[in-house]
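Dear colleague,

I am passing on a model for you to look over. Please open it alongside the notes below and tell me where you read it otherwise.

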Amino acid sequence: MTAPDRRTQRESSDERRSRYDADGVHSLRERVAGTQWRKRIARHRSVDHGYRVGVGIVGGLIVALGIVAIPLPGPGWLIVIAGLVVLATEFLWAERLLEFTRRHVQRWTDWVTSQPLWVRLLVGVATAAFVYGVLVVTLHLMGIPDWMPGWVPLWR
């Protein structure tokens with residue numbers, strides 16, 4: 001017997017809600033909405049609207065900063081995910097995108113850990129080479145800072 005196609009078994013919002021209700025797990029948005037301070041804000045329509053706009057702006061700026069930081073050395077994807085967490089406290093679409101991201105990161109992690117050591121090393125070396133290349137090109141385009149020692153073999 002073959003496994004059913006995952007694309008045809010999309011969970012509806014009612015099914016997801018009943019699954020969350022059955023196991024006592026609530027989404028981040030529901031947990032934030034259940035707090036006393038959030039209930040106080042929600043009672044005043046204009047304040048609630050302003051709060052949601054503020055969360056959208058702050059979360060959007062964090063995501064934008066993360067997207068800019070992705071090709072640079074550092075935690076670009078982590079910043080994007082942090083921005084999605086901020087957005088997911090108020091917006092269902094961000095919560096779905098965060099869940100989609102979590103599933104795909106888990107699939108990638110499972111795939112990499114199931115590979116032989118030489119494949120994992122190859123992935124690590126390729127990642128390090130890519131980051132080094134981006135760093136060299138960035139420093140070349142933006143200029144090498146004065147605090148960089150003269151012996152660093154970059155285009156001087």
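Residues are numbered from 1 along each chain as its sequence is written, and side-chain values use heavy atoms, with hydrogens and water left out.

The average pLDDT (the predictor's confidence in each residue, from 0 to 100) is 81 for the protein, and 79% of the residues score at least 70. Confidence is highest in α5, at 92, and lowest in helix α1 (residues 13-23), where the mean is 66. Where pLDDT is low, the predicted coordinates should not be read in detail.

The protein has seven helices and zero strands, both taken as DSSP runs numbered from the N terminus (helices are H or I with at least four residues, strands are E with at least two). Of its 156 residues, 23% are buried, where buried means under 20% relative accessible area, exposed means over 50%, and partly exposed lies in between (1.4 Å probe, protein chains only). Contact here means heavy atoms within 4.5 Å, and among contacts between residues at least 6 apart in sequence, 39% join residues at least 24 apart.

A nonpolar core is a set of buried Ala, Val, Leu, Ile, Met, Phe, Trp, Tyr and Cys residues joined through side-chain atoms within 4.5 Å. The largest one has nine residues, namely Val55, Val63, Val80, Leu84, Leu87, Ala88, Phe91, Ala94 and Leu98. Two or more of these residues come from each of α4 (45-69), α5 (76-88) and α6 (92-114), with α5 giving the most, at four residues. Within this group, Ala94 touches Leu84, Leu87 and Ala88, if residues up to four places away in sequence are not counted.

Helix α4 has 25 residues and reaches 36 Å from its first C-alpha to its last, close to the 36 Å expected at 1.5 Å a residue, the expected span being 1.5 Å times one less than the number of residues. Its buried residues are Asp48, Val55, Gly59, Val63, Gly66 and Ala69, and the buried residues of α4 pack against α3 (36-42) and α5.

In the loop between α4 and α5 we find Ile70, which is partly exposed because its relative accessible area is 26%. Ile70 touches Gly76, Trp77 and Val80, again not counting residues up to four places away in sequence; Ile70 and Val80 are 10 residues apart in sequence and 8.5 Å apart in space, C-alpha to C-alpha.

Two glutamates also deserve a look. Glu90 lies in the loop between α5 and α6 and counts as buried because its relative accessibility is 7%. A polar contact of 2.8 Å joins the side chains of Glu90 and Arg38; such a contact is a pair of N or O atoms within 3.5 Å, where, within protein, one must be able to donate a hydrogen and the other to accept it, and residues adjacent in sequence count only if both atoms are side-chain atoms. Beyond its neighbours within four places in sequence, Glu90 is in contact with Arg29, Val32, Arg38, Tyr51, Arg52 and Val55.

Glu95, in helix α6, counts as buried because its relative accessibility is 14%. With neighbours within four places in sequence set aside, Glu95 is in contact with Ser27, Leu28, Arg29 and Ala88.

With best wishes

Conventions: This is a predicted model: local features need pLDDT of at least 70, side-chain atom pairs count only at pLDDT 80 or more; totals for chains, interfaces and linings use all residues.
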